[in-house]
Amino acid sequence: MTYLVAADLPRESAGRRFRELLKRPGILQLPGAHNGMAALQAKAAGFDALYLSGAAMTASMGLPDLGIITVDEVAFFVRQIVRAAGLPLLVDADTGYGEALNVMHATRVFEDAGAGALHLEDQILPKKCGHLNDKKIADAHDMAAKVAAASKARRDLVIIARTDAAASEGLDGAVARAKLYVEAGADAIFPEALNTAEMFRAFAERMPGVPLLANMTEFGKTPFFTAAEFEAMGYAMVIWPVSSLRVANKAQAELYAAIARDGGTHKVVERMQTRAELYATIALHDYEALDSSIVQTIVPAGMPQR
């Protein structure tokens, strides 16, 4: 399958496909994919949908997650990931890149780029990762207006409202905000940075019938829970937002250290994706087969020996 062949492409919109996944039994597992290769590898592992994290995306660009990047920069990543894997993608839309009209613009751009869902958060700029300290929270009614704007702008896109209020307003404040956002048109709620199983369960009990998203990020405020544990607590979706980037970055740093230390890559070759594995992942031969002028690539049998 390649994105170049129309018959191989999904016939339904990504938003509708995301909604259908939410109707299935069990929790929807959304691993973070920070680029097209990560998306292909997640799909090969059997996942049915993906997540694009603002933190992973900006870090991959060498930038902090402080609301610096633009709608068009995010759309580049959306198109790349959707083109590579063809899976419904949930996109981190930060605070919506401005006020109501900006939110509507971002919603249209992301849906046109192929996203299946987005989430908006109730911070004000400069925003921060939800698991960091001293976040500045927007007025709840201002956030509700953004949710309503996104709802008006979308065709099929799933709108998820994220609230960061638990840290500053407690569980009561976060629940009150979540209910207001649902009334404004949110399809689901993302309570960010809850830090105990009791908080997760209590939030779910107070939002009956509303699909909820849990964030299982590493090195944050949430203890490790499995997808099954989140499901038992009442959650319909779970993301692992930055995990792929963390693993890739760690391996990459070790590679560069090895080259600097050893004068080459010969001591880390066993840890590399082979040429054959790379070509299989990106479906090189499927692309070559579409153009009869291209001679099919023959992968070298192995590294030559001196």
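How many nonpolar, polar and charged residues are there in the lining of the largest pocket? I kept in mind that I was reading a predicted model, and I noted that the lining holds 10 nonpolar, 7 polar and 2 charged residues.

**Entry on the pocket.** I looked up the space in the largest pocket and found about 680 Å³. Its lining is made up of 19 residues, and those that lie nearest the centre are Val247, Ala248, Ala251, Gln252 and Gln273. I then asked which elements give two or more residues to this lining, and I wrote down helix H2, at 36-44, and helix H10, at 243-262. The largest share, 10 residues, comes from H10.

**Entry on the sheet.** I turned next to an open sheet of 5 strands, in which the pairing is parallel and the order reads E2-E3-E4-E5-E6. Strand E2 (50-52) and strand E6 (188-191) are its edge strands, since each of them pairs on one side only. I also noted that neighbouring strands of this sheet are turned against each other by 25 degrees on average, with direction ignored.

**Entry on one pair of strands.** Strand E3, residues 89-92, runs parallel to strand E4, residues 117-121, and I found 3 bridges joining the two. In this pairing I located Leu90, which stands opposite Ala117 in E4.

**Entry on a helix against the sheet.** I saw that helix H6, residues 140-153, packs on the sheet, where it touches both E4 and strand E5 (158-163). The direction of H6 makes about 170 degrees with that of E5.

Conventions
Residues numbered from 1 in each chain as written. Predicted model: local features only at pLDDT ≥ 70, side-chain atom pairs only at ≥ 80, totals over all residues. Heavy atoms only, no water. Pairing = 2+ DSSP bridges. Helix = DSSP H or I, 4+ residues; strand = E, 2+ residues; numbered from the N terminus. Axes fitted to C-alpha atoms, helices over the stretch in contact; angles between N-to-C directions. Contact = heavy atoms within 4.5 Å. 1 Å grid on protein atoms, 1.4 Å probe; cavity = no way out; pocket = protein on both sides within 12 Å on 5 of 7 lines; lining within 4 Å. Points joined across faces, edges and corners; volume = space filled by probe spheres on them. Nonpolar A, V, L, I, M, F, W, Y, C, P; charged D, E, K, R; others polar.
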